[in-house]
Amino acid sequence: MANNYLNIFSTKSVKIPITSLDSLYSQLTNIKAVYAVELKKKIIYVGKADHLRNRWSNHHRSYDFNLLLDLGIDLDFIFIESINFEPFSTKDFEKNLINELKPVLNYRVGNYCSFDEILDKTQKSNKEWMRDAINCIKF
């Protein structure tokens, strides 16, 4: 069943390059959707929203995404409107994508490490910490 979710996501989603979170926010509308953030063709975060634009106005991972952008890391935003994955709920669709893709910013599984586990943030600057975190992702 999980492959079905991946197939739907890969064929019916929209991809937007992220140049800044403000520019991304200005391109979004308030639709019910499941979304992902991609780094080097690897999904690093999956989420869901009842109102996509509102969700991104104050996202809890904004700090992480801004650090990546400040480092010159290319990110893409991918989303699929809920109408494109009916009859699945956004909760089920998100859960199955997370289980299949194992995004590093959602949780730790196997060879994936969470950014919080890299090192004590007080020992390095935020940019050094983020570089180390990027290096932990298995591509």
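What share of the contacts in the chain with a separation of 6 or more comes from residues 24 or more positions apart? The share is 66%, where a contact means heavy atoms within 4.5 Å.

This is a predicted model in which local features need pLDDT of at least 70 and side-chain atom pairs count only at pLDDT 80 or more, while totals for chains, interfaces and linings use all residues. Residues are numbered from 1 along each chain as its sequence is written, and side-chain values use heavy atoms, with hydrogens and water left out.

**View 1. The whole chain, with six helices and four strands.** Helices (H or I, at least four residues) and strands (E, at least two) are DSSP runs numbered from the N terminus. Along the sequence their pattern is α-β-α-β-β-α-α-β-α-α. Of the 139 residues, 46% are buried (under 20% relative accessible area; exposed is over 50%, partly exposed in between; 1.4 Å probe, protein chains only). The chain exposes about 7,600 Å², 44% of it supplied by carbon and sulfur atoms (Shrake-Rupley method, 1.4 Å probe; for residues, only the protein chains shown count as cover).

**View 2. The cis peptide bond between Glu 86 and Pro 87.** Omega is about 15°. Pro 87 sits in the loop that runs between strand 4 (75-81) and helix 5 (90-101).

**View 3. Lys 41, a non-glycine residue with positive phi.** Its phi is near 65°. The loop holding Lys 41 lies between strand 2 (33-39) and strand 3 (42-49). Lys 41 is exposed, at 77% relative accessible area.

**View 4. Lys 102, not a glycine, with a positive phi of about 50°.** Lys 102 belongs to the loop between helix 5 and helix 6 (126-136). Lys 102 is partly exposed, with a relative accessible area of 26%.
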